[in-house]
Amino acid sequence: MATLNTALISHPRQHRLPTPTQNPISITVNNDRFFANHPILLLIDQCTGTKQLKQVHAQMLRIGLFFDPYSASKLITAFALSPSSSLGYARKVFDQIPQPNLYTWNILIRAYASSPDPDHSLLIFLQMLVQCPELPNKFTFPFVIKAAAELSASRLGRGLHGMAVKASLGSDVFILNSLIHFYAACGCLDMAYQVFVNIPRRDVVSWNSIITSFAQGNCPDEALELFRVMEAENMKPNDVTMVGILSACAKKLDLEIGKWVHSYIERNEINGSLTLNNAMLDMYTKCGSFEDAKRLFDKMPEKDIVSWTTMLAGYAKLGDYDAALRVFNAMPSQDTAAWNALISAYEQSGKPKEALAVFNELQLCQSAKPDEVTLVSTLSACAQLGAMDLGGWIHVYIKRQGIKLNCHLTTSLIDMYSKCGDLEKALEVFHSVDTRDVFVWSAMIAGLAMHGCGRDAIYLFTKMKETKVKPNAVTFTNLLCACSHTGLVEEGRDFFNQMEPVYGVLPGVKHYACMVDILGRAGRLEEAMKLIKNMPIAPGASVWGALLAACRLHGNVDLAEQACGCLLELEPWNHGAYVLLSNIYAKLGKWDKVSGIRKLMRDSGLKKEPGCSLVEVNGVVHEFLVGDNSHPLCEKIYMKLDEISARLKSVGYVPNKSHLLQLVEEEDVQEQALYLHSERLAIAFGLLTMGPSQPIRIVKNLRVCGDCHSVAKLISRLYDREIFLRDSCWNEVQQSLPIDKGILSKPTHHVAILLVETL
DNA sequence: TTAGGGTTAG
């Protein structure tokens with residue numbers, strides 16, 4: 001039996017096809033030209049694996065049948081598309097065909113379009129345009145458009161659309177359906193819908209394509225409405241339609257409609273495929289009916305890794321991490337996606353340390369390897385913890401593994417570096433990539449906003465518009481934050497007013513909260529109140545919170561009481577609201593009111609979160625609670641604190657007593673001793689254990705009090721050390737002092753303290 | 001002379 005290579009070498013391209021009668025193993029041949037019924041070709045369909053196909057290949061080469069384009073196409077099809085396909089091998093075989101026909105080109109383009117390397121599909125298509133004497137046909141376009149969709153290759157896909165129209169294939173329903181998918185994948189839902197409405201005769205796939213596009217494009221209401229129209233037009237939905245509809249229900253978190261869809265599927269006897277059952281499981285876990293999910297899971301005749309992972313994520317969502325772990329261990333196999341579900345479950349429920357612990361375990365395990373999704377979740381956990389050593393390590397890992405930065409990873413890296421206080425690294429990542437989607441731009445705008453570079457953030461927004469990337473709701477939230485941080489009232493108002501008419505983005509609660517914050521900080525409290533009163537949507541807690549913070553800034557008690565009342569109505573557990581209001585009273589010397597609030601808090605049994613600061617030293621995150629004495633280096637830390645206190649006194653520092661008089665979140669007597677605040681323990685630990693050139697990066701779960709902020713600034717000067725202090729309001733409250741830095745300029749001072757306002 | 005487009009977890 002010849003090996004592939006020897007067979008290929010012994011049959012050079014100029015080999016002439018023998019006539020069928022010369023063929024030693026030929027049985028019957030239809031006529032002189034066609035080999036469709038040649039026994040070797042019939043054998044291809046019976047092959048069960050690559051090994052057998054290779055044997056057939058060798059035989060075909062031996063008798064010359066391989067050099068008949070039709071026969072070769074049958075072989076290529078088997079290699080490229082069979083369940084045990086070997087695409088790389090198919091490509092090698094393809095390259096040996098003297099003149100592949102259009103069918104063969106199409107098969108290869110099709111196989112690569114659904115492979116992990118859809119770019120090969122496009123490259124082969126380009127090669128085909130040059131080498132194949134036939135023009136692309138109605139079978140070519142759906143595949144090559146699919147490849148463009150997979151790659152979100154917007155310009156190329158549009159070009160293909162144009163080519164199809166020029167080739168008089170503009171009304172082919174297969175091509176148009178794939179174009180719906182392509183435009184949606186590129187984020188152009190409008191174009192996808194335009195294509196859909198202009199299809200002369202829509203079939204069920206047309207409907208499925210547009211419904212899925214809307215469901216996945218965060219427009220679940222539109223998807224459900226289209227389903228209604230589909231029914232009204234008597235187009236019978238199939239299982240794929242229902243997968244899209246269930247995905248829309250899951251997005252809407254609407255259990256009622258989800259249950260209705262479940263019964264609709266049963267009533268209409270729609271084929272309950274594995275995918276459909278998985279989509280239903282997902283809907284139930286997302287919509288909060290775990291019992292229904294469990295019932296369905298238990299009776300599913302077939303389960304795959306998606307079913308198991310969905311259940312795992314469902315338990316994690318309930319906060320039952322033990323059960324999630326049990327599912328993880330009970331799964332027939334744990335692939336990367338299962339690990340990812342566990343990591344992201346922890347990361348998204350505010351348990352970043354646990355997420356990193358699972359990530360460490362994954363690295364030790366042999367059977368799965370971190371992928372891009374893992375890295376995105378892990379980077380987010382690092383961002384939450386301010387763990388820049390580990391985040392930076394992941395960045396190096398990405399480079400070493402040769403992983404190309406996609407937009408998700410780029411966004412995560414920018415977010416991680418920004419939140420860890422290294423704006424320059426974030427900008428370095430931003431400038432290093434060629435492709436930037438709306439999330440990448442928005443993350444960079446957020447990074448600049450966090451660091452007080454509001455004008456740079458606005459400048460970046462203008463650059464973003466030049467590249468024709470359409471801003472979304474996230475972009476505007478970040479942009480408005482930037483205006484708020486830098487006190488750009490008029491600019492903020494302009495952006496807010498342009499959102500819907502110019503950019504088609506409906507202002508949501510977050511945008512109103514930002515606007516209230518912008519106006520409130522500028523002292524325009526009445527204007528802020530007027531904005532809230534005229535809101536077309538219900539003002540959420542963030543809106544009242546912003547107003548309350550502004551009232552504190554400007555000492556407006558009446559409005560503060562009103563805002564606090566509304567806030568507590570929405571979030572009766574909101575400890576911070578009580579604290580803010582009581583501080584307003586304290587500021588104005590209304591001590592009876594302060595005591596009243598203390599009593600109210602005690603009576604309502606509100607449990608406060610203890611103050612906690614994290615600091616990463618050499619890749620290990622250390623945690624300090626207020627007044628903590630559990631750390632192994634505790635004694636040394638307190639000695640360092642004494643030394644710090646002495647040095648502070650020597651330069652004339654006097655503790656700001658007003659912070660003691662006010663009700664702060666750390667209200668216990670012991671906790672009120674300012675010098676025991678957790679951030680100070682973390683700073684002392686950082687000074688003790690880190691090299692003199694290493695910046696100390698601290699993340700605090702609550703707000704940093706004013707005195708601690710002043711102390712941190714002083715320590716930074718006295719010890720000539722960069723200290724980054726990030727608190728709970730880092731992202732949304734816009735309470736940082738503007739630090740004027742240009743996009744690429746270096747900080748002028750060695751001190752870079754962020755987040756500076758106090759309670 | 002062969003064929004295709006739309007589907008779920010993270």
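DNA strand B is surrounded by 41 residues, and the closest are K138, N177, N208, Q216 and S344. Of the atoms of DNA strand B that come within 4 Å of the protein, sugar and phosphate account for 34%. The model is predicted, and a search of the whole structure finds 21 salt bridges.

**Surface near DNA strand B**

- Helix α12 (residues 204–216) supplies the largest share of the surface near DNA strand B, with five residues.
- Sorted by class, this surface near DNA strand B holds 15 nonpolar, 17 polar and nine charged residues.

- S344, one of the closest residues, has an N or O atom in its side chain 2.5 Å from a sugar or linking oxygen of DNA strand B.
- The side chain of S73 has an N or O atom 3.1 Å from a base nitrogen of DNA strand B.
- For Y103, a polar side-chain atom lies 3.4 Å from a base oxygen of DNA strand B.

**Salt bridges within a helix**

- K294 and D298 form a salt bridge through their side chains, at 3.0 Å from N to O.
- Both K294 and D298 belong to helix α17 (residues 290–299), where they are four residues apart, about one turn of the helix.
- K294 counts as partly exposed because its relative accessibility is 32%, and D298 counts as partly exposed at 48% relative accessibility.
- A salt bridge also joins the side chains of K640 and E643, with 3.4 Å from N to O.
- K640 and E643 are three residues apart in helix α36 (residues 634–650), so about one helical turn separates them.
- K640 counts as buried, at 15% relative accessibility, whereas E643 counts as partly exposed, at 34%.

**A salt bridge between distant parts of the chain**

- The side chains of K700 and E679 meet in a salt bridge of 3.2 Å, N to O.
- This pair links distant parts of the chain, since K700 is in strand β3 (residues 696–700) and E679 is in helix α39 (residues 678–689), 21 residues apart.
- K700 is buried, with a relative accessible area of 2%, and E679 counts as buried at 1% relative accessibility.

**A salt-bridge network**

- E490, R493, R524 and E527 are joined into one network by salt bridges that share partners.

Technical notes. Residues are numbered from 1 along each chain as its sequence is written. Chains are lettered from A and ligands numbered from 1 in the order in which they are written. This is a predicted model: local features need pLDDT of at least 70, side-chain atom pairs count only at pLDDT 80 or more; totals for chains, interfaces and linings use all residues. Side-chain values use heavy atoms; hydrogens and water are left out. A residue is near a molecule or strand if one of its heavy atoms lies within 4 Å of it. A polar contact is a pair of N or O atoms within 3.5 Å; within protein, one must be able to donate a hydrogen and the other to accept it, and residues adjacent in sequence count only if both atoms are side-chain atoms. Helices (H or I, at least four residues) and strands (E, at least two) are DSSP runs, numbered from the N terminus. Ala, Val, Leu, Ile, Met, Phe, Trp, Tyr, Cys and Pro count as nonpolar, Asp, Glu, Lys and Arg as charged, and the others, Gly among them, as polar. A salt bridge is a side-chain nitrogen of Lys or Arg within 4 Å of a carboxyl oxygen of Asp or Glu. Buried means under 20% relative accessible area, exposed over 50%, partly exposed in between (1.4 Å probe, protein chains only).
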